[in-house]
Number of protein chains: 2
Amino acid sequence: MKHTKVKDLLNSTKPVDDVLVKGWVRTFRNNQFIALNDGSTINNIQCVVDFENTPAETLKRITTGAALSIKGSLVPSQGAGQKYEVKVAELEILGDSDPEKFPMQPKKHSFEFLRENAHLRVRTNVFGAVMRVRSVLSFAIHQYFQERGFVYVNTPIITGSDAEGAGEMFQVTSLPVGNPPLNEEGKVDYREDFFGKETNLTVSGQLEAETYAMALGQVYTFGPTFRAENSNTSRHLAEFWMVEPEVAFNDLDANMDLAEDFIQYVIKYALERCEDDLKFLDQRLADEEKQKPANERSEMGLLEKLQFVLQNNFKRVSYTEAIDILKNSKSNKNRKFNYIIEEWGADLQSEHERYLVEKHFKSPVILFDYPAKIKAFYMRLNDDGKTVRAMDILFPGIGEIVGGSQREERLDVLQQKIADIGIDEKELWWYLDTRRFGTAVHSGFGLGFERLVLFVTGMTNIRDVIPFPRTPQNAEF
Amino acid sequence: MKHTKVKDLLNSTKPVDDVLVKGWVRTFRNNQFIALNDGSTINNIQCVVDFENTPAETLKRITTGAALSIKGSLVPSQGAGQKYEVKVAELEILGDSDPEKFPMQPKKHSFEFLRENAHLRVRTNVFGAVMRVRSVLSFAIHQYFQERGFVYVNTPIITGSDAEGAGEMFQVTSLPVGNPPLNEEGKVDYREDFFGKETNLTVSGQLEAETYAMALGQVYTFGPTFRAENSNTSRHLAEFWMVEPEVAFNDLDANMDLAEDFIQYVIKYALERCEDDLKFLDQRLADEEKQKPANERSEMGLLEKLQFVLQNNFKRVSYTEAIDILKNSKSNKNRKFNYIIEEWGADLQSEHERYLVEKHFKSPVILFDYPAKIKAFYMRLNDDGKTVRAMDILFPGIGEIVGGSQREERLDVLQQKIADIGIDEKELWWYLDTRRFGTAVHSGFGLGFERLVLFVTGMTNIRDVIPFPRTPQNAEF
């Protein structure tokens, strides 16, 4: 006999005589009511034990975390809170869970404690919900692009190119770190390393994705990327997943249109598919907000905020306009910003981005046409000679969720920019080939997937939206 | 005016007065007929130039690889081979492609040459087709699992656990190789490394996925995995993508059912969605086969082989039966095998797997119940005390495409097996927790994604089904 998922039992439209259900005990009350969960939904099925005819020895083993197999009948529930429940006929303990030892007791645990038990935290309501939403968002991303004819490209994780320039890299090696072979000059002889040269973990698949876009037209990556930066914040991970679409013939406007449509699509998809989980997370956030002083509380609840993003166009603002707004803001004049905006060309800090999004525009904002000096070499130079066709999408509470640009498609301009930052253009021979042969306008962006999950789930620490977070001094599991 | 994709133009059901199309020249004949491709399909749109009214200077620049923007009208084609063509009204060269320098000329290139130009090879018909099929297969995998309520889990790429035991690992470090800080004993002081300990690239997400399956019920991973093995073969990559489903309450039979259904689903999906690309690849393989001596040719064409897999159940054979078949085979008796099967317990070599699949059963084969000694520690021990509930799926031409097992769910048996192979069980404290708290029967498998792509595309070298292959001495791009 096949077992039925809890989700399907709860969605049943009629009683069923014989059902088999398997799952884990969340709670057991009055020696009678088992709340059983199997991960298929945040909701539990209530299983009612005939405790008078069940051995005391068995009842004692029905503890939080124990795995059970239950045969019985699905009947209309007597109690409130559920339409159906299982009247238990046979109950088998598959795996015990010693209540003295099981760390995930039915009480509130700190997120810090749960991070130390990342292998068990997914057995809680919060993390079960977050991880189901994460999974559905992943699928929404694939579906969005595939429906539109984009080709999914797996760009390399181990890269021999150190010219990506997006941040500090981890080295990958098969050499003994303390005792590598040396060359004639007494330096590490990377000819002996696995790949015959120094290699690192990728910080972005963009450059490789561009070579594919210039053949397949529309492509996207979705894979892990890495930063060896010692940032111990609630917004940074050393290992995180990034989505990077790249489209031939798209200019910056088309790129902004794509990014906005894409983000709205995936949020809408999650709202439709994760109703129960998002309702739960909405309530969780509301409860947490109540603990805060009134003036620190969010103006919007989680579901309200998600609807808001769907119903409002992202505000498009040039960097130059943004600098004007910031310079004239009270926060700047009263020197409330930690970094006072003095002049055009300043790099925006998180406090400035939050001011624009949360105080000034009160909506997601797309900033574009940044100063060339504070942006990457591959971004297309505007005719003014000082700004580039870059765009960042800023979200409330999250800050930058997308960074993108129209790419510099002109070979000579790109060569000059590469020379200016001191990279040997031979390092990028293959990248430059895309401009040598059939070059064209093209654009793309990167979306930090965990930041999207943070936004959609209302969690506040990025370590709580990825199964096993990698951060400085932490690679447990 | 928005441009229309070549695919949509070719699928048009009626003429269109004004169309804009952008893409790259594949060929230009008679100063008149441009075959334009934009990657949306393997097929080109024929664009007919009014050469008498086009400047010679422009005509000269219409070369293979050049990027063009063409305005014109979609009209019924005069020539054979296509229903519609574009009558060119305006033609703009977006990016030139010097025929003296562009490496991808319209002629047959060797796969070795194309690998050295992995950034351009996707501009050929073969690699365009392969990469579109790869992308569609990826999506089919996600869709299969998501439709069935599986949760996608991103297990860590950088791992602090060296107990996975699936092969040699790459080390990941932020320390200076050759000159790392040393501890009191003169050894590398990994407390100073980014994660405060020695870390590697994952060889499998299985152990972490198991912790999630024991909470969410049905999960799968799909991500990059790594082997630092010096295998320079047409079947091995140092970096490859793996799919690993893991299901609570599934025994080995259910695991085999899942694997078979899954593989048939994704192949069927590709056949439906990639008709043009697979027809092309079928023809390519047929042409290649013609070059071979008659006795070396495949019995089946590519499409035939894919249909065969859909229409036939995979043959399920125990290891013990397989050994009998092999021992009694002519190849064994005449000592044609390089490794003669002498007795039960022998590890099967690729030649034996191919014999079973290609000669004996002539169908995909699932071998199960292997000797414990030749399989991993986490596989469930059978009651005979000498075999484990392992299964491998063997495919014609590919060999092992799936390896899986029912997992050892009994804490004491698992602890003993860990001790027997000399791993300190403290290393696996979190893994053992799944057996301490609510353990249950569960199973899973790993599918090497590139081997699936090889099978479906009919390519013969695994380096030709991943965009930028990583192999010993090669991490270019």
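1. Conventions. Helices (H or I, at least four residues) and strands (E, at least two) are DSSP runs, numbered from the N terminus. This is a predicted model, in which local features need pLDDT of at least 70 and side-chain atom pairs count only at pLDDT 80 or more, while totals for chains, interfaces and linings use all residues. Residues are numbered from 1 along each chain as its sequence is written, chains are lettered from A and ligands numbered from 1 in the order in which they are written, and side-chain values use heavy atoms, with hydrogens and water left out.

2. Loop at A:Asn30. A:Asn30 sits in the loop between strand S1 (16-29) and strand S2 (33-37) of chain A. Its phi is near 55°, a positive value in a residue other than glycine. Most residues other than glycine have a negative phi. A:Asn30 counts as exposed, at 56% relative accessibility. The classes are: buried, under 20% relative accessible area; exposed, over 50%; partly exposed, in between (1.4 Å probe, protein chains only).

3. B:Phe477 has a positive phi of about 80°, although it is not a glycine. It is found in the segment after helix H14 (449-457) of chain B. B:Phe477 is buried, with a relative accessible area of 5%.

4. Sheet in chain A. An open sheet of 8 strands runs in the order S6-S10-S11-S16-S15-S14-S13-S12, with mixed pairing. Strand S6 (151-152) and strand S12 (315-318) of chain A stand at the edges with a single partner strand each, so one side of each has no neighbour in the sheet. Two strands pair if DSSP finds at least two bridges between them. Strands S13 (residues 365-371) and S14 (residues 387-395) of chain A pair in the antiparallel sense over 6 bridges. A:Val365 has A:Leu394 in S14(A) as its bridge partner.

5. Helix across the sheet. Helix H6 (residues 252-273) of chain A lies across S11, S12, S13, S14, S15 and S16 of chain A. It runs at about 15° to S14(A). Axes are lines fitted to C-alpha atoms, for helices over the stretch in contact, and angles run from 0 to 180 degrees between N-to-C directions. Contact means heavy atoms within 4.5 Å.

6. A:Gly223. This residue is in strand S10 (residues 218-226) of chain A. Not counting residues up to four places away in sequence, A:Gly223 touches A:Phe240, A:Trp241, A:Met242 and B:Trp241. The C-alpha atoms of A:Gly223 and A:Pro156 are separated by 9.4 Å, with the two residues 67 apart along the chain.

7. Helix H12 in chain A. In H12 (residues 411-420), A:Val413, A:Leu414, A:Lys417 and A:Ile418 are buried. They cover an arc of only 135° around the axis, which puts them on the same side of H12(A). The arc is that of the directions from the helix axis to the C-beta atoms. A:Asp412 and A:Asp420 are exposed on the other side of H12(A). The cover over the buried residues includes S14 and helix H13 (429-436) of chain A. Just after H12(A), A:Gly422 takes a positive phi of about 80°.

8. B:Lys417. In chain B, B:Lys417 is in helix H12 (residues 411-420). Leaving aside neighbours within four places in sequence, B:Lys417 is in contact with B:Ala376, B:Phe377, B:Met379, B:Leu381 and B:Val388.

9. Salt bridges. The whole structure has 54 salt bridges over all chains. In one of them, A:Arg284 meets A:Glu288 with the closest N and O atoms 2.9 Å apart. Both lie in helix H7 (residues 275-290) of chain A, 4 residues apart, about one turn of the helix. A:Arg284 is buried at 11% relative accessible area, and A:Glu288 is partly exposed at 26%.

10. A link across chain B. The side chains of B:Glu260 and B:Arg316 meet in a salt bridge (3.2 Å, N to O). B:Glu260 lies in helix H6 (residues 252-273) and B:Arg316 in strand S12 (residues 315-318) of chain B, so the pair ties together parts that are 56 residues apart in sequence. B:Glu260 counts as buried at 7% relative accessibility, and B:Arg316 as partly exposed at 29%.

Technical notes:
Salt bridge = Lys/Arg side-chain N within 4 Å of Asp/Glu carboxyl O.
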